Amino acid sequence: MGFLSKLFGRGKAPRSAAAIEALPCPHVTLVPKWDNVADMGHEDKVSGFACDACHQSFTRDEGLALRASEAARLLEHLSTDT
């Protein structure tokens, strides 16, 4: 195998989609959503959240709970990623 083939990964078996999708999204990048433009930027007026990675929507309470446990979930996700 030549240098360029090794560099660009030619000749390797492609990763299966099942292996990539096996880990659930840790939902660590939550984007707040507001019902009114005037409310934007006010944390107490957030109506919901959306995960920037998987685009799943969460209610206000679910999003706040996910934000509160973000560090623990991220550490758990990273430890299972090996």
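Below is a short exchange about a predicted model of a protein chain.

Me: Why is His42 called partly exposed?
Reply: His42 has 38% relative accessibility. Buried needs under 20%, and exposed needs over 50%. The value for His42 lies in between, so His42 counts as partly exposed.

Me: Where does His42 sit?
Reply: His42 is in the loop between β1 (30-33) and β2 (48-51). Its C-alpha atom is 9.9 Å from that of Pro32, and the two residues are 10 apart along the chain.

Me: What makes up the largest nonpolar core?
Reply: Six names: Leu30, Val46, Phe49, Cys51, Phe58 and Leu66. Members of such a core must be buried, which means under 20% relative accessible area. They must also be joined through side-chain atoms within 4.5 Å.

Me: How much of the chain is buried?
Reply: Buried residues make up 18% of the 82 residues. The chain exposes about 6,400 Å², and carbon and sulfur atoms supply 58% of that area.

Me: What share of contacts between residues at least 6 apart in sequence joins residues at least 24 apart?
Reply: The share is 31%.

How values were computed
Residues are numbered from 1 along each chain as its sequence is written. This is a predicted model: local features need pLDDT of at least 70, side-chain atom pairs count only at pLDDT 80 or more; totals for chains, interfaces and linings use all residues. Side-chain values use heavy atoms; hydrogens and water are left out. Buried means under 20% relative accessible area, exposed over 50%, partly exposed in between (1.4 Å probe, protein chains only). Contact means heavy atoms within 4.5 Å. Accessible areas come from the Shrake-Rupley method with a 1.4 Å probe; for residues, only the protein chains shown count as cover. Helices (H or I, at least four residues) and strands (E, at least two) are DSSP runs, numbered from the N terminus.
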